[in-house]
Amino acid sequence: MRVVTWNLWWRFGPWEQRQKAILAVLRELRPDVVGLQEVWAADEGGNLAEWLAGELGLHWTWSASEAPGRWQRRIGDDTVGIGNAVLSRWPVVECAALRLPVPEEFDDGRLALYARLDAPGHRVPFFTAHLTSVPDGSAVRCAQVDALARFVAGHRRGTDFPAVVTGDFNARPDDPEIRLLGGYGTDPVGPGPVLVDAWEHADPAAPSATWDGANPYVGASGVPGVRIDYVHVGPPGPGGLGGVRAVRRAGDGPVNGVWPSDHAAVVADLAGV
């Protein structure tokens, strides 16, 4: 099963050209399931996830932010929504959304989206989340990870396939919020199994930064390259079901001269489907 997670940088930059580049990357990857963050939906122009799903022949579901105002003010357009989405080769038979906790002064409606996928043999509990990007917000992200872990625990029942948790966590691999999710260097944050960072299976020499100064949308920020986007997987099921086979970056260069997003995608191949 090929899993992709990707933050699509909403309606920022040359979004119409980027939309085509995003599609080109996903078409080449041929994913089975995709977790997307910063997906736009507009009064005029439809929903980006719906369009991508139609072009790729995939099922889809999405959940809108309940507090898009801060985003809308940045582009001067209150007709465009933002949210998370899941694209899937298999039907989505159940879904739910969780608004992640955050102090009011930082609230821009970040959320986690759950979708249960009717894959052959085993239903897959799949999640995609977008944590706060407040630079000094590690404590906030820890609280969001706690809520996410409990959300995952509440929806992973009834299948041997492990939970797959994707998203833009806006945190480095050794930050407390990521260690909490993985249960290393600390106690597991919530009920249920700890989650393994799929990147542990990557080639050590492979480039890992998903927020990379080589990307012109990032370079102006002066922030060093860092990995902040993740595929996490629960302990494998019987026979290694859901175990990580390979992982790498994608969408980490221009397509016909256009960089698709300010983030690179993460691609993980899992066993069993």
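Contact here means heavy atoms within 4.5 Å. These views come from a predicted model, where local features need pLDDT of at least 70, side-chain atom pairs count only at pLDDT 80 or more, and totals for chains, interfaces and linings use all residues. Residues are numbered from 1 along each chain as its sequence is written, and side-chain values use heavy atoms, with hydrogens and water left out.

**View 1. Leu36 and its contacts.** Let us start with one residue. Leu36 touches Trp6, Leu8, Leu52, Gly83, Asn84, Ala85, Leu87 and Thr128, leaving aside residues up to four places away in sequence.

**View 2. The largest nonpolar core.** A nonpolar core is a set of buried Ala, Val, Leu, Ile, Met, Phe, Trp, Tyr and Cys residues joined through side-chain atoms within 4.5 Å; buried means under 20% relative accessible area, exposed over 50%, and partly exposed in between (1.4 Å probe, protein chains only). The largest such core has 30 residues, and Trp6, Leu8, Leu26, Leu36, Leu52 and Leu87 have the most contacts inside it. At least two residues of this core come from each of β1 (2–7), α1 (15–29), β2 (33–42), α2 (48–56), β5 (80–88) and β13 (265–270). Helices (H or I, at least four residues) and strands (E, at least two) are DSSP runs, numbered from the N terminus. Another core, of 25 residues, lies apart from the largest one and includes Leu111, Val233, Val244 and Val266.

View 3. How many residues of strand β7 (residues 111–117) are buried? The count is 7 of its 7 residues. Leu111, Leu113, Ala115 and Leu117 point one way from β7, while Ala112, Tyr114 and Arg116 point the other way. Two strands pair if DSSP finds at least two bridges between them. Strand β6 (residues 92–99) runs antiparallel to β7, joined by 7 bridges, and Arg99 has Leu111 of β7 as its bridge partner. On to strand β8 (residues 124–130): 6 bridges join β7 to this antiparallel strand, with Leu117 partnered by Val124. The hairpin of β7 and β8 has 6 residues between the strands, and there Gly121 takes a positive phi near 90°.

View 4. Strand β9 (residues 164–168) pairs with strand β11 (residues 229–233) in the antiparallel sense over 5 bridges, and Asp168 has Asp229 of β11 as its bridge partner.

**View 5. The largest pocket.** On a 1 Å grid over the protein atoms alone, a cavity is a set of points where a 1.4 Å probe fits but cannot get out, and a pocket is an open set with protein on both sides within 12 Å along at least five of seven lines; lining residues have an atom within 4 Å of a point. Grid points are joined across faces, edges and corners, and a volume is the space filled by probe spheres set on the points. The largest pocket holds about 580 Å³ of space. Of its 26 lining residues, Ser133, Val134, Asn170, Trp211 and Ile228 lie nearest the centre. Helix α3 (residues 69–75) gives the largest share of the lining, 3 residues.
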